[in-house]
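Reader: I have a protein model open and would like to learn how to read its features. Could you walk me through some of them?

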Amino acid sequence: MRELAYQIVCGTLEGDGHSDDLLHSVYTGHPELSSQQRRFLKNLSYGTIERCIELDAVLNQYASVSVHRMEQPVRTVLRMALYELCYMDQVPVPVSCNEAVELVKKKDCGRYASFVNGVLRTLARQKDSLEIKKDWVRLSLPRELLDHLTAAYGKKTARRIGEAFLEHRGEVTLHIRTDRVTTAGFGKMLEEAGMLYEPGRYHMDALILHNASDIRNLPGYREGLFFVQDESSMLPVLCAGIRPGDRIVDVCSAPGGKAMHARMALGGRGELLARDISEAKAARIRENMDRMQFSGVTVQVWDAARPDPDRRGTADVVLADVPCSGIGIIGRKPEIKYHALEHAAELVPLQRRICRASAELLKPGGVMIYSTCTINRAENEENVQWMEEHLGLVRESLDDYLPQQLRSRMTAQGMLQMLPGIQESDGFFVSRLIKK
């Protein structure tokens, strides 16, 4: 199991891989893994990636060689083993130490076996007295990212956001296809399968699972009775106010969650075009539409930043869930935090090109829903202000579309920023704009 976790941790922290893609690849390549083994694998690999800053700070205190001067396999093995020692109490200390030594030998670094063993034995004796005073190390956030969040939201809120990123609730939110089964009826199916769940916090068609290891084994998966979608990601379609008969374009659609939600809102009447930039992304949308048994959806490869003269002025609703820095979903994809700010600076010009092309698709009076899974104001509020100044769009209140607990002065002005640790969701931004 640790060798499989090593592949995920190394591929993410030392390469350019994504933790969720690597984990899925391991699951696919090892169908024999039990649910317990899968949980152990995910906890160890994601936990090590998530806590890397803190783990490195501790290792630098107790190892005679700094982490970044170690051989890559040694560094990765020590990070994983230290995470086990500190955060996986069910694993006996001698097992963690011995497994780390054996793993470093397998990686052709046997000459460092005694070094690894010595560091871990020392840390095992000292772990209860470890003290980390600096917030950015304790929260395992890059210092510049914590400073950025503090400048935007204040020290107390920034700390709560960082703490929320580290919470492992293991939740999976299901969006129920309520034209085929009621939410209560699907809940009974889950109960009969021994699944623990609770109702959605913000959307009546959502159920939150607490013990799902593989959603493909859930009742109703093959029949297309649900798809996975965080409640925050349900907000764009909720705020769009889609009516049967509308013409809708989802410009950055993959994997298709918002398009599927929009298809349900149309009730089988109207036109839905789901686009994304590559055939691989389009194939993923088609796969999800087929499983959910949704017909009448056109899936197309199209660069959202590219104008489309043939469709200019034809859409009632454009859903623009643009590529973003992803700071709001660090809790699910922990490697995002290590490069988030540099990616944010690169993405703003692209986001604005997409917004310009998307606004051209709208009819006069049409609705554009702009959304991101980040909590970075340059990608959110500042982009909305730019759209109002340059694209002939005007914000409209979200309050008629939102549950009472999400309404605020900000939503009355046409924007909603969900913050981890403040709301019970991922970090997410949505704005409703009308074309003059």
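This is a predicted model: local features need pLDDT of at least 70, side-chain atom pairs count only at pLDDT 80 or more; totals for chains, interfaces and linings use all residues.

Reader: Let's start with rings. How many aromatic pairs does the structure hold?

Author: A pair of aromatic rings is described by the distance of the centres and the angle of the planes. Rings of Phe, Tyr and Trp (its six-membered ring) pair if their centres lie within 6.5 Å; planes under 30 degrees apart count as stacked, over 60 as edge-to-face and the rest as tilted. There are 4 aromatic pairs here. In one of them, Tyr 221 and Phe 226 are tilted, with 6.1 Å from centre to centre and 55 degrees between the planes. Phe 186, Tyr 221 and Phe 226 form one aromatic cluster.

Reader: Are Tyr 221 and Phe 226 buried or exposed?

Author: Buried means under 20% relative accessible area, exposed over 50%, and partly exposed in between (1.4 Å probe, protein chains only). Tyr 221 has 19%, so it counts as buried, and Phe 226 is buried at 0%. Another pair, Tyr 370 and Phe 429, is edge-to-face, with 6.4 Å between centres and 70 degrees between planes. This pair links distant parts of the chain, 59 residues apart: Tyr 370 is in strand β9 (residues 362-372) and Phe 429 in strand β12 (residues 428-435). Helices (H or I, at least four residues) and strands (E, at least two) are DSSP runs, numbered from the N terminus.

Reader: Which residue lies over the face of Tyr 27?

Author: A charge sits over a ring if NZ of Lys or CZ of Arg is within 6 Å of the ring centre and within 35 degrees of the ring normal. Arg 38 lies over the face of Tyr 27, at 4.4 Å from the ring centre. Arg 291 lies over the face of Phe 226, at 5.6 Å.

Reader: How do I read two packed helices?

Author: Two packed helices are described by the angle between their axes and the distance between the axes. Axes are lines fitted to C-alpha atoms, for helices over the stretch in contact, and angles run from 0 to 180 degrees between N-to-C directions. Under 35 degrees counts as roughly parallel, over 145 as roughly antiparallel, 65 to 115 as roughly perpendicular and the rest as oblique. The axes of α2 (residues 19-29) and α3 (residues 35-50) come within 11 Å and cross at roughly 155 degrees, so α2 and α3 are roughly antiparallel. For α4 (residues 52-62) and α7 (residues 113-126), the axes come within 10 Å and cross at roughly 105 degrees. That makes α4 roughly perpendicular to α7.

Methods
Residues are numbered from 1 along each chain as its sequence is written. Side-chain values use heavy atoms; hydrogens and water are left out.
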